Amino acid sequence: MGIRKPNKLPQTEVIKKILKRCSSLGKKTGNELAETEQLPLDVPKGHFAVYVGEKRSRYIVPISFLTRPEFQSLLRRAEEEFGFDHDMGLLIPCEEVVFRSLTSMLR
C-alpha cells in the first residue's frame with residue numbers, strides 16, 4: 001500500500017467553486033434578492049475581486065483569467081494556503097508586484 005494524497009478537486013471544479021463564491025459575494029442570505037443586491041457596484045459583469053499581498057490590496061480581474069494556466073497556479077497556491085471558504089473574498093498568496101506583472105501579461 002502506498003501513501004495516498006488527499007483528494008483534490010479537479011481544476012474545473014475549483015473554478016466552478018470560485019465562480020459560485022464570487023457571484024454570491026454581496027448577497028444577503030435567506031430571502032429573495034432584488035437585482036441590485038448582486039455584487040458590489042465596482043465589480044463589472046464578467047469580473048471578480050481578489051485580494052493580494054500582505055496589505056490585502058484589492059484587484060478586479062476578468063473571469064477569463066480563471067482558465068489561464070498561470071492564474072490557475074496562483075489558485076492552487078491560494079487553495080492550499082487559505083482555502084476558498086472565507087468572507088473576505090479570494091485571497092491570492094503573491095506579492096503585489098508579481099501579481100501585477102502576471103496579470104499585465106495575461107491581458
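**Stop one: a charged pair**

Select R68 and E70: their side chains meet in a salt bridge, 3.9 Å from N to O (a side-chain nitrogen of Lys or Arg within 4 Å of a carboxyl oxygen of Asp or Glu). R68 is partly exposed at 30% relative accessibility, and E70 is partly exposed too, at 37% (buried is under 20% relative accessible area, exposed over 50%, partly exposed in between, with a 1.4 Å probe and protein chains only).

A word on conventions: this is a predicted model, where local features need pLDDT of at least 70, side-chain atom pairs count only at pLDDT 80 or more, and totals for chains, interfaces and linings use all residues. Residues are numbered from 1 along each chain as its sequence is written, and side-chain values use heavy atoms, with hydrogens and water left out.

R100 is partly exposed, at 42%.

**Stop three: the core**

Now show V50, F71, I92 and F99, which touch the most other members of the 18-residue largest nonpolar core (buried Ala, Val, Leu, Ile, Met, Phe, Trp, Tyr and Cys joined through side-chain atoms within 4.5 Å). Colour α2 as well: its 4 residues are the largest share of this core.

Finish on F99. Beyond its neighbours within four places in sequence, F99 is in contact (heavy atoms within 4.5 Å) with residues including Y59, L74 and C94.

Definitions and conventions:
Helices (H or I, at least four residues) and strands (E, at least two) are DSSP runs, numbered from the N terminus.
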